[in-house]
Each structure stands twice: as structure tokens, then as C-alpha cells.
Amino acid sequence: MAPGLGRAAASSEGAALFQQHCAACHINGGNIIRRGKTLKLKALERQGIASVDAIAQIAREGVGQMSGYGDVLGPGGDQLVAEWIWEQAQNAWIQG
């Protein structure tokens, strides 16, 4: 969790960053560009991306066709969005 933020605030900020920068391609954890490269838990595990740090690195630096978003996510934003994505993956992306 980002320093200085409570869990609820960090989760809320991670969700906002996801909506702003990721949701267009990864709506509800899917992937409109490459169907097999979703943010669902089984897909993340299959790709060896089974941790917050691994997700944060991809958010920051990019991978494959996906560009990195480190600059637009801001300081610590990669970690916030990665924590939120990991939480959603653990909960099967059930929004509610």
C-alpha cells in the first residue's frame, strides 16, 4: 500500500487510476486487444504474473503490445493500480 494512504483511500485511488488508464482495454479484467492476456487470476498465474509487484512492473514499464504507463500513473500509481487489480483478480472481478 502506498505510504500515507489508508487501505480504503489506496483502493479508491487504485480503482480511479484503473478506470482512467486501463479500463478501456481491460474492462472488468478482460482484454479487448488480446483475449488470452486478461487480468483474471488464472491468466495472470499462467503468465507468471501472480503478484502485486509483477503487475506494478507491467503497469509501469509495459509488456508486449502494451506501453508502460509509469509517467501517467504518477509516483506510486503503478503500485496502487496493481494492488487494486490483484484484489479484483482475487475476487474474480465481481464488482459490487
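# Group meeting talk: patch, core and salt bridges

V63, M66, Y69 and V72 make a nonpolar patch of about 310 Å². Patches here take residues with over 30% relative accessible area and no salt bridge; nonpolar side chains (Val, Leu, Ile, Met, Phe, Trp, Tyr) are joined within 5 Å, and like charges within 9 Å. Accessible areas come from the Shrake-Rupley method with a 1.4 Å probe, and for residues only the protein chains shown count as cover.

A word on the source. This is a predicted model, where local features need pLDDT of at least 70, side-chain atom pairs count only at pLDDT 80 or more, and totals for chains, interfaces and linings use all residues. Residues are numbered from 1 along each chain as its sequence is written, and side-chain values use heavy atoms, with hydrogens and water left out.

V63 lies in strand 1, residues 62-63. Helices (H or I, at least four residues) and strands (E, at least two) are DSSP runs, numbered from the N terminus. V63 is partly exposed, at 48% relative accessibility. The cut-offs: buried means under 20% relative accessible area, exposed means over 50%, and partly exposed is in between, with a 1.4 Å probe and protein chains only. The C-alpha atoms of V63 and H21 are separated by 15 Å, and the two residues are 42 apart along the chain. Y69 sits in the loop between strand 2 (66-67) and helix 4 (70-73). Y69 is also partly exposed, with 30% relative accessibility.

Now inside. The largest nonpolar core has 23 residues. Such a core is a set of buried Ala, Val, Leu, Ile, Met, Phe, Trp, Tyr and Cys residues joined through side-chain atoms within 4.5 Å. F18, L44, I55, V81, I85 and W93 have the most contacts inside it. Helix 1 (7-21), helix 3 (52-61) and helix 5 (77-90) each supply at least two core residues. Helix 5 gives the largest share, seven residues. In general, nonpolar side chains tend to be buried together in soluble globular proteins.

How many residues of helix 5 are buried? The count is 11 of the 14, so helix 5 is largely enclosed by the rest of the structure. The buried set includes L80, V81, W84, I85 and W86. G77, D78, E83 and Q88 are also among the buried residues of helix 5. Length next. At 1.5 Å a residue, the 14 residues should span 20 Å, and the end C-alpha atoms of helix 5 are 20 Å apart, which agrees. The expected span is 1.5 Å times one less than the number of residues.

Helix 3 next. V52, A54, I55, A56, I58 and A59 are buried there. The buried residues of helix 3 pack against helix 2, strand 1, strand 2, helix 4 and helix 5. Contact means heavy atoms within 4.5 Å. Just after helix 3, G62 takes a positive phi of about 85°.

Two residues to look up. Beyond four places in sequence, W93 is in contact with F18, N28, G29, L39, K40, W84, I85 and Q88. H26 lies in the loop between helix 1 and helix 2. H26 counts as buried, at 12% relative accessibility. With residues up to four places away left out, H26 touches F18, N31, K37, L39 and M66.

On to backbone angles. Most residues other than glycine have a negative phi. N28 is not a glycine, yet its phi is positive, about 50°. N28 is in the loop between helix 1 and helix 2 (41-46). N28 is partly exposed, with a relative accessible area of 45%. A92 is another residue other than glycine with a positive phi, near 55°. A92 is in the segment after helix 5. A92 is exposed, at 52% relative accessible area.

Last, charges. How many salt bridges does a search of the whole structure find? The search finds two. A salt bridge is a side-chain nitrogen of Lys or Arg within 4 Å of a carboxyl oxygen of Asp or Glu. E61 pairs with R60, with the closest N and O atoms 3.8 Å apart. R60 also forms a salt bridge with D78, at 2.3 Å from N to O. This pair links distant parts of the chain: R60 is in helix 3 and D78 in helix 5, 18 residues apart. D78 is buried, with a relative accessible area of 11%. Shared partners join R60, E61 and D78 into one network. R60 itself is partly exposed, at 36%.
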